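Thanks for coming. I will go through one structure today, starting with its pocket and then moving to the helices and the backbone. Please have a look at it first.

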Amino acid sequence: MHTLYWKPQSGSLAPMTLLEETGLPYEAVKVNADAGEHKSEAYKRDVHPLGLIPALRLPDGTVMIESAAMVIYLADLAPQKGLAPALTDPKRAPYLQWLVYGAATLYPAYIRLYHPDYHRVREGDDEAVKALARTAIDTAWAAVERGLADGRPFLLGDSASAADLYIGMMALWHPDPAAFKEACPKVATLRKAVWARPAASKALAAHAK
Ligand SMILES: N[C@@H](CCC(=O)N[C@@H](CS)C(=O)NCC(=O)O)C(=O)O
């Protein structure tokens, strides 16, 4: 059985979505982030060495960190669900590209926007950090929008993959939903399709609390 360490309104939405989509049995352990549980020595020792969420305990007891890695791992565990192109499928390359793009390009830009204090070198830096982050976020989304320019509903074509679920999570985090929908209508449509899925919507409802 897998165990997901999670909290509402966080990146644990992605692995929880995959757990729901794949139907793999799992236990969800809600981390009391308001009380700073994830910053405790015990949590850093036993769960996530950086004191972050999510973390996924595997059936053999080891713990996996990094949300995109969890998404790739879980999708591969349930090939019958069709959420991950096979290793030899030409779609495997763009699949991995968009997943890593989400993790390496979009996620850190959002962290800069919502936690400018993490990047503060001097008092008063926060507004500049946020402005640069907002530009980086919008530039990054424009590239995703271009990836859908041929009219495909999902990143790899006609059907949703785990990359859409991951990118669909990032699309929920934009600070200005109206501006986002106007600038990136195709991504907004993809986002709507992702969260209309019954399994995905269950994870989303848990994360809204
Ligand atoms: N690269 C990590 C990022 C994890 C991360 O930054 N999680 C945020 C929540 S979305 C967190 O735990 N923040 C708590 C904090 O910074 O104290 C991943 O993809 O799992």
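Domain 1 (2-82) and domain 2 (92-199) both give residues to the lining of the largest pocket, so the pocket lies between them. The domain bounds come from an automatic or database domain assignment.

Before going on, a word on the source. This is a predicted model, in which local features need pLDDT of at least 70 and side-chain atom pairs count only at pLDDT 80 or more, while totals for chains, interfaces and linings use all residues. Residues are numbered from 1 along each chain as its sequence is written, and side-chain values use heavy atoms, with hydrogens and water left out.

Back to the domains. Their centres, taken over C-alpha atoms, are separated by 21 Å. Their contact (heavy atoms within 4.5 Å) takes 16 residues from domain 1 and 16 residues from domain 2.

Now the pocket. On a 1 Å grid over the protein atoms alone, a pocket is an open set of points where a 1.4 Å probe fits, with protein on both sides within 12 Å along at least five of seven lines; lining residues have an atom within 4 Å of a point. The largest pocket holds about 780 Å³ of space, a volume being the space filled by probe spheres set on the points. Its lining has 24 residues, and Gly-11, Ile-53, Tyr-107, Ile-111 and His-115 lie nearest the centre.

Which helix gives the most to this lining? Helix H4 (residues 92-114) does, with 6 residues. Helices here are DSSP runs of H or I, at least four residues, and strands are runs of E, at least two, numbered from the N terminus.

Next, a helix pair. Helix H1 (residues 13-22) and helix H9 (residues 198-208) pack at about 140°, with axes 8 Å apart. Axes are lines fitted to C-alpha atoms over the stretch in contact, and angles run from 0 to 180 degrees between N-to-C directions. Among the residues that meet are Leu-13 and Met-16 in H1 and Ala-203 and Leu-204 in H9.

Last, the backbone. The peptide bond from Ile-53 to Pro-54 is cis, with omega near 10°. Pro-54 sits in the loop between helix H2 (41-46) and strand S3 (55-57).
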